[in-house]
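Look over the model first, then read on.

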Amino acid sequence: MENLMFEQLQEELYFEKMSNGLHVYILPKKGFNKTYATFTTKYGSVDNTFVPLGKEEFVKVPDGIAHFLEHKLFEKEDGDVFQQFSRQGASANAFTSFTRTAYLFSSTSSVEKNLETLIDFVQDPYFTEKTVEKEKGIIGQEITMYDDNPDWRLYFGLIQNLYKNHPVKIDIAGTIESISHITKDWLYECYHTFYHPSNMLLFIVGPVDPKAIMDLVRENQAKKEYSDQPEIKRKFEEEPESAAVKKQVLKMNVQTSKTLLGIKALHVDQSGTELLKNELTMNVFLDLLFGKSSVNYEKLYGEGLIDETFSYDYTQEQGFGFAMVGGDTREPDKLAETLQEMLMTAKSGSAFTEEQLERAIKKKIGSFLRAVNSPEYIANQFTRYAFNDMKLFDVVPTLEQITLNDIANLAKEVISEDRFSVCQVIPNK
Amino acid sequence: MESMAEKVIEMQGYKLHLIETDKYKTNTIVWKMKAPLSKGDVTKRALLPHVLQSSSNKYPTMASLRSYLDELYGATLYVDLAKKGEYQVISFSIEVANEKFLSDQTPLLKKAFELMSEILTNPHINNNAFDRETVEKEKRTLKQRIQSVFDDKMRYSNMRLVEEMCKGENYALEVNGVLEDVDPITPENLYDYFLKAFSEDEMDLYVVGDVKEAEVQEFASELLHFESRSVKNIEIANVDNNREVKNIKETQDVKQGKLNIGYRTHIVYGDSDYNALQVFNGIFGGFSHSKLFINVREKASLAYYAASRLESHKGLMMVMSGIDLKNFDQAVRIINEQMEAMKNGDFTDNELEQTKAVIQNQMLETIDTARGMVEVLYHNVVSGHDIKFDNWLNGMQKATKEEIIEVAKKIDLDTIYFLTGTEAVK
């Protein structure tokens with residue numbers, strides 16, 4: 001077991017790579033009641049074309065299968081794992097994103113037992129035709145719930161505008177039609193390919209003794225047979241740099257219109273320190289441009305083009321990335337135009353001062369400190385960072401290195417009209 | 001178990017609640033103001049905190065105020081409105097980094113106190129009226145905020161249930177106010193309301209973090225002082241217990257139906273059987289091992305979510321589920337069966353113990369966040385009780401099967417609301 005000290009933050013992180021390849025991290029947090037653990041596989045909705053374990057040929061699996069698998073892993077021959085967690089005073093959950101599937105629990109007692117339950121249920125699949133069929137009704141309702149949610153439709157509508165081929169454009173839960181093709185055999189094939197320990201990361205944060213916890217995980221893993229797995233082969237089609245569709249308008253049962261402007265990212269092959277620097281620079285840039293203290297925000301709010309739902313965000317993962325900005329608006333077209341103008345202005349000139357940059361960086365440092373109060377944030381973000389070869393605790397030093405020059409270069413490069421796209425939700429009557 | 005040591009100090013016009021802990025990297029200051037819900041004031045009260053937090057005398061524009069927050073290492077300032085029983089509670093929160101984790105040693109806690117004082121007591125005004133432009137902007141946003149409920153069907157159907165169920169009671173008022181009452185608000189009458197609220201509301205200040213009592217007390221007495229007042233408490237409204245169950249169906253263009261069912265529990269926080277009610281709710285529908293989840297979702301595959309929750313200061317319980325339009329009758333039948341099972345004591349010791357363990361876990365997790373601590377402690381202010389957190393936990397653990405059955409028998413079904421789609425068969 002290795003450990004790393006972060007003096008300024010007064011945190012200590014413990015790490016061990018198990019002999020089967022599983023990465024385990026422990027961050028003790030004194031004074032907290034709760035222990036929070038996530039067990040995550042680097043497998044999400046975008047991994048839909050791959051060579052299954054032990055086979056030669058690429059296969060394409062039904063949309064929504066990673067998420068379906070996440071649901072089904074909770075069910076065992078002797079019942080539901082939720083029941084076992086709650087008997088042990090824990091609350092359990094899971095989520096599927098574009099690139100990850102995470103299983104988690106939090107508990108304030110019986111932590112070791114709960115941790116074993118977590119590891120064991122994820123490492124012991126039990127799928128039958130009958131339980132797979134039953135789940136289709138439940139997930140069907142999850143899908144229709146999102147169909148009625150205008151913000152979700154707006155978000156996915158914009159991704160579908162930006163991407164022509166990449167599976168990031170596919171809704172994470174799939175459609176009622178696509179999940180109808182899911183069978184137990186498909187689930188096992190995905191499971192065996194992506195749930196090998198070497199493709200997974202376990203993170204535990206809370207008032208724990210790191211040595212005892214690491215021993216427990218080591219012993220647990222030693223009892224299970226895993227043969228070494230070759231590297232997983234995933235396939236993604238070529239994706240053009242420009243946005244696939246410039247505009248899409250969705251008519252829905254709403255009273256307030258919504259506009260979201262997207263920018264398709266460049267350099268989506270980045271990882272490690274390069275990716276970290278790039279995404280932090282992008283975040284600082286968006287703060288400078290659209291943050292509540294910015295001239296643009298004051299103008300947009302003052303003119304009544306935006307309200308408090310206005311937000312912006314940047315996402316970048318292996319193979320795809322996008323910035324999004326927008327929210328509810330009384331004038332969906334005018335907001336779209338104004339946002340594009342603001343971006344084009346930022347591209348052309350050195351829009352910001354040293355003082356503004358310093359303030360924006362201070363703000364990010366403060367929000368990082370706030371975030372590390374949260375065990376959920378630490379575990380989930382750390383895992384995402386690790387899967388992209390980045391280090392969570394490099395955030396502050398990397399922020400401190402960002403210069404006005406970095407911002408100007410990024411703006412010049414990434415802002416380009418052919419990578420813009422707009423999605424709107426408009427009342428249907 | 002890490003509990004909370006709350007120290008309460010009487011200040012000028014308010015109470016200071018201090019929770020010293022070194023587990024966070026930030027310090028949190030929350031200012032709460034409580035007044036009875038009333039049709040006449042609810043909308044002004046919904047607007048007021050948004051006007052106060054958008055500018056002040058010293059920081060007259062949003063950009064200048066927000067720049068200052070960024071300067072304080074991204075201190076967050078936000079306001080929140082909540083309905084606690086028949087009270088409307090306004091909260092102002094500032095969370096600021098603890099400088100011991102920074103290389104820069106600016107005294108951030110003091111600056112945060114100064115800012116809170118600036119926001120609350122030194123607003124941007126001219127001639128006994130708020131800044132006209134700010135009020136206009138915030139009125140526009142408030143209207144959008146009120147309307148936005150319509151676009152979130154889960155919130156909308158819950159709001160409609162409460163509206164129907166509590167017709168004629170102040171509890172039916174929405175926390176963000178009434179759309180038609182926004183326009184008549186002026187910079188002048190809002191300023192009058194501001195003076196009234198700060199002279200009549202019950203006010204509490206919470207400070208959570210690695211702070212020193214003497215220092216906090218000094219900042220508070222220097223920067224925040226108001227006239228003393230007597231607190232206005234309200235009688236809990238009488239409800240007609242013998243009314244027939246209300247059935248409401250509403251049609252909109254939606255794919256998924258939203259089923260919301262309201263019950264009267266006749267039990268509020270602080271009552272002797274509140275603990276048993278809390279456990280009742282956990283067995284019935286609070287968690288993923290509960291009867292609703294198991295029977296509506298896992299066994300019948302009717303829904304993705306099916307849960308119940310308590311309105312602790314009003315004596316209500318709400319069930320919510322998203323179902324296919326055609327499954328309304330079946331879902332209602334299954335939910336009714338679960339309620340009958342509870343009344344008949346048809347739940348095992350295992351379910352009882354499991355539920356207590358999960359509630360205990362949930363409560364302990366809540367006090368791991370500064371915000372959660374404040375909310376837990378504020379129950380005592382709203383209810384006028386002084387229940388220590390540890391006693392609450394112990395009380396919950398002691399609830400017996402017999403007490404839970406007694407609670408179940410008290411619970412009355414009040415209203416069944418269904419938001420259904422245009423494609424529904426009936």
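Contact means heavy atoms within 4.5 Å. Keep that cut-off in mind for the helix pairs below. This is a predicted model.

**Helix α9 of chain A and its partners**

Start with α9(A) and helix α15 (residues 404-414) of chain A. They pack at an angle of about 90°, with their axes 10 Å apart. α9(A) and α15(A) are therefore roughly perpendicular to each other. Which residues of α9(A) meet α15(A)? They are Lys277(A), Asn278(A), Thr281(A), Met282(A), Val284(A), Phe285(A) and Leu288(A). On the side of α15(A), the residues are Asp406(A), Ile407(A), Leu410(A), Ala411(A) and Val414(A). By class, this contact of α9(A) with α15(A) has 8 nonpolar, 2 polar and 2 charged residues.

Helix α9 (residues 272-290) of chain A also packs with helix α11 (residues 332-348) of chain A. Their axes come within 11 Å and cross at roughly 115°. The crossing of α9(A) and α11(A) is right-handed. From α9(A), the contact uses Phe285(A), Leu289(A) and Phe290(A). From α11(A), it uses Leu339(A), Met342(A), Leu343(A) and Ala346(A). How many of the residues in the contact of α9(A) with α11(A) are nonpolar, polar and charged? There are 7 nonpolar residues, no polar ones and no charged ones. Phe285(A) takes part here, and Phe285(A) also meets α15(A).

**A helix pair in chain B**

Now move to chain B. Helix α11 (residues 349-366) and helix α13 (residues 389-398) of chain B pack at about 165°, with their axes 10 Å apart. That angle makes α11(B) roughly antiparallel to α13(B). The crossing of these two helices, α11(B) and α13(B), is right-handed. α11(B) supplies Lys356(B), Ile359(B), Gln360(B), Met363(B) and Leu364(B) to the contact. α13(B) supplies Phe389(B), Trp392(B), Leu393(B), Met396(B), Gln397(B) and Lys398(B). The residues in the contact of α11(B) with α13(B) comprise 7 nonpolar, 2 polar and 2 charged.

| Helix pair | Angle | Axis distance |
|---|---|---|
| α9(A) and α15(A) | about 90° | 10 Å |
| α9(A) and α11(A) | roughly 115° | within 11 Å |
| α11(B) and α13(B) | about 165° | 10 Å |

Strands of a sheet pair through backbone hydrogen bonds, either parallel or antiparallel. In chain A, 5 strands form an open sheet in the order β12-β16-β13-β15-β14, with mixed pairing. Which strands are at the edges? They are β12 (247-252) and β14 (311-317) of chain A, and each pairs on one side only. From one strand to the next, the twist averages 15°.

β12(A) pairs with strand β16 (residues 420-427) of chain A in the parallel sense, over 6 bridges. In β16(A), Val422(A) is the bridge partner of Lys247(A). Helix α11(A) lies across β12, β13 (257-264), β15 (320-329) and β16 of chain A. It runs at about 160° to β16(A).

**The sheet of 7 strands**

Chain A also has an open sheet of 7 strands, in the order β1-β2-β3-β11-β4-β10-β9. Its pairing is mixed. The twist from one strand to the next averages 15°.

Helix α1 (residues 65-72) of chain A packs on this sheet. It touches β9 and β10 (101-107) of chain A, and its direction makes about 165° with that of β9(A). Helix α13 (residues 375-387) of chain A lies across β2, β3, β4 (35-41), β9 and β11 (200-206) of chain A. That helix runs at about 25° to β4(A).

Strands β2 (residues 11-17) and β3 (residues 23-28) of chain A run antiparallel, joined by 4 bridges. What is the bridge partner of Glu16(A) in β3(A)? It is Val24(A).

**Aromatic pairs**

Over all chains, a search of the whole structure finds 50 aromatic pairs. One of them is stacked: Tyr25(A) and Phe203(A), 6.2 Å centre to centre, with 15° between the planes. Tyr25(A) lies in strand β3 of chain A and Phe203(A) in strand β11 of chain A, so named partners sit 178 residues apart and the pair links distant parts of the chain.

Technical notes:
Residues numbered from 1 in each chain as written. Chains lettered and ligands numbered in written order. Predicted model: local features only at pLDDT ≥ 70, side-chain atom pairs only at ≥ 80, totals over all residues. Heavy atoms only, no water. Pairing = 2+ DSSP bridges. Axes fitted to C-alpha atoms, helices over the stretch in contact; angles between N-to-C directions. Parallel < 35°, antiparallel > 145°, perpendicular 65-115°, else oblique. Left-handed = near helix turned anticlockwise from the far one by under 90°. Nonpolar A, V, L, I, M, F, W, Y, C, P; charged D, E, K, R; others polar. Phe/Tyr/Trp six-rings, centres within 6.5 Å; stacked < 30°, edge-to-face > 60°.
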